[in-house]
Amino acid sequence: MALLEVKDLNVYYPIRGGILGRTLGYVKAVDGVSFSIEKGETMGLVGESGSGKSTTGKAIIGLARITNGQILFDGVDITKYIGKNHSPYRKNVQIIFQDTYSSLNPKKRVLDIIAEPLRNFEKNTPVEERKRVDELLDIVGLSSDTAVKYPHEFSGGQRQRIGIARAMALKPRLIIADEPVSALDLSVQAQVLNFMKDIQQQFKLAYLFVSHDLGVVEHMCSNIAIMHKGRFVEAGRKENIYQNPKHIYTKRLIAAIPNIDPYKREETQIFRDKVADEYIQKYSEYYNAKDQVYDLKKISDSHYVALP
Ligand SMILES: Nc1ncnc2c1ncn2[C@@H]1O[C@H](COP(=O)(O)OP(=O)(O)OP(=O)(O)O)[C@@H](O)[C@H]1O
Ligand SMILES: [Mg+2]
């Protein structure tokens, strides 16, 4: 049984206008998305800006209202409990964000930031709490004296570790990581990503890993879904997506991955131009008359493509 199962998720945001603020229409930020994540596995969600990646993650944790669809956790339909403060589900699923400046309260000490979820769910004495916070700091490789400092006293990579420590406090089984390393420079990115992999093994964590960077996703994920216009254009095992992309949009994303081999630069450019031409010429074969993405069709047990 899958740890998380998302069935036909729809999230529409109202577009309001006029002096009365009437609803004029809807942005279909997520428009019929289904997937599942197994225990201890990482699923990547990739796509351009505005494709609905963050909204998908937020809907699962109750930060965006679900218009339609179902969320199952451990096989139990928990759709109506999402966002409710004290449901057990809230402990099992946590989120970390790209922007640690706004996700970590600058006025609070690290101790209070990390202890906040513990205070919401458990009754610990100050001594017990401090012990738990020290354990969490140790897990993320920060020293115990970190606890009395404030977020601005840390580097970006260290702040993301603090965010991860807070997310780990309640021993979750799934972490939604929304562009967790996009704000960090490359060497620190690798550190944080490898660290996330280590704690994944240690604690059998599952991740929903949101990113626009296909290189990072390849390093982190076993399964990938490519999102465009609020829908999945392609989904499946990583190997299928990278080595055998079928949708024109996926092909274009893959072609855009920078090639670090200088001798292949010309080759890469020729390939990119070819894919760019194909994208223009064959666009109408991959999107319907209303410019929408088709439903996913199964082309193998571990590869799905949105085709007519
Ligand atoms: N709170 C909101 N109210 C209205 N529209 C929203 C809201 N949040 C997101 N949207 C719209 O929903 C769509 C999807 O946004 P979302 O943030 O999920 O994209 P994303 O794939 O995470 O993009 P990015 O890579 O830029 O983070 C966009 O068109 C966006 O403008
Ligand atoms: Mg986003």
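In helix 4, the buried residues are Val 110, Ile 113, Ile 114 and Ala 115. Helix 5 (126-139) and helix 6 are among the elements that cover these buried residues of helix 4. Please keep in mind that this is a predicted model.

**Helix 4 and helix 6**

- Two packed helices are described by the angle between their axes and the distance between the axes.
- For helix 4 (residues 110-121) and helix 6 (residues 156-168), the axes come within 7 Å and cross at roughly 30 degrees. Angles under 35 degrees count as roughly parallel, so helix 4 is roughly parallel to helix 6.
- On the helix 4 side, the contact is made by Val 110, Ile 113, Ile 114, Glu 116 and Pro 117. Helix 6 answers with Ile 162, Ala 165 and Arg 166.
- Sorted by class, this contact of helix 4 with helix 6 holds six nonpolar residues, two charged residues and no polar ones.
- An α-helix has 3.6 residues a turn, so residues three or four places apart point the same way.

**Helix 4 and helix 5**

- Here the axes of helix 4 and helix 5 come within 10 Å, crossing at roughly 110 degrees. Angles of 65 to 115 degrees count as roughly perpendicular, so that is how helix 4 sits relative to helix 5.
- Leu 111, Ile 114, Ala 115 and Leu 118 are the residues of helix 4 in this contact, and they meet Glu 129, Arg 132, Val 133 and Leu 136 of helix 5.
- The contact of helix 4 with helix 5 has six nonpolar, no polar and two charged residues.

- Phe 154 sits in the loop between helix 5 and helix 6.
- Is Phe 154 buried, exposed or partly exposed? Phe 154 has 18 C-beta neighbours inside 10 Å, so it counts as partly exposed; a buried residue would need 20 or more.
- Setting aside neighbours within four places in sequence, Phe 154 is in contact with Arg 159 and Ile 162.

- Ile 224 belongs to strand 9 (residues 223-228).
- With 25 other C-beta atoms within 10 Å, Ile 224 is buried, because 20 or more are enough for that label.
- Ile 224 and Gly 44 are 180 residues apart in sequence, yet their C-alpha atoms are 4.5 Å apart in space.
- Not counting residues up to four places away in sequence, Ile 224 touches Gly 44, Val 46, Val 217, Ala 235, Lys 238 and Ile 241.

**Two loop residues with positive phi**

- Most residues other than glycine have a negative phi, and most peptide bonds are trans.
- Asp 74 has a positive phi, near 55 degrees. Asp 74 lies in the loop between strand 4 (68-73) and strand 5 (76-77) and is partly exposed, with 14 C-beta neighbours inside 10 Å.
- Lys 204 has a positive phi too, near 50 degrees. Lys 204 is in the loop between helix 7 (186-203) and strand 8 (206-211), and it is exposed, with 12 other C-beta atoms within 10 Å.

**The two domains**

- The domain assignment gives domain 1 (40-62 + 80-221) and domain 2 (227-308).
- The centres of domain 1 and domain 2, taken over C-alpha atoms, are 31 Å apart.
- Ten residues from domain 1 and nine residues from domain 2 take part in the contact.
- Strand 3 (42-46) and helix 8 (214-220) each supply at least two residues of the domain 1 side that touches domain 2. Helix 8 gives the most to that side, with three residues.
- By class, the side of domain 1 that touches domain 2 has four nonpolar, four polar and two charged residues.

**The whole chain**

- The chain has eleven helices and twelve strands.
- Its radius of gyration is 21 Å, close to the 19 Å that the globule rule gives for 308 residues, so the chain is as compact as a globular protein of that length.
- Along its principal axes, the C-alpha trace spans about 65 × 55 × 45 Å.
- Buried residues make up 39% of the 308 residues.

Technical notes: Residues numbered from 1 in each chain as written. Chains lettered and ligands numbered in written order. Predicted model: local features only at pLDDT ≥ 70, side-chain atom pairs only at ≥ 80, totals over all residues. Domains from an automatic or database assignment. Contact = placed C-beta atoms within 7 Å. Helix = DSSP H or I, 4+ residues; strand = E, 2+ residues; numbered from the N terminus. Nonpolar A, V, L, I, M, F, W, Y, C, P; charged D, E, K, R; others polar. Rg over C-alpha atoms; globule rule 2.2 N^0.38 Å. Axes fitted to C-alpha atoms, helices over the stretch in contact; angles between N-to-C directions. Parallel < 35°, antiparallel > 145°, perpendicular 65-115°, else oblique.
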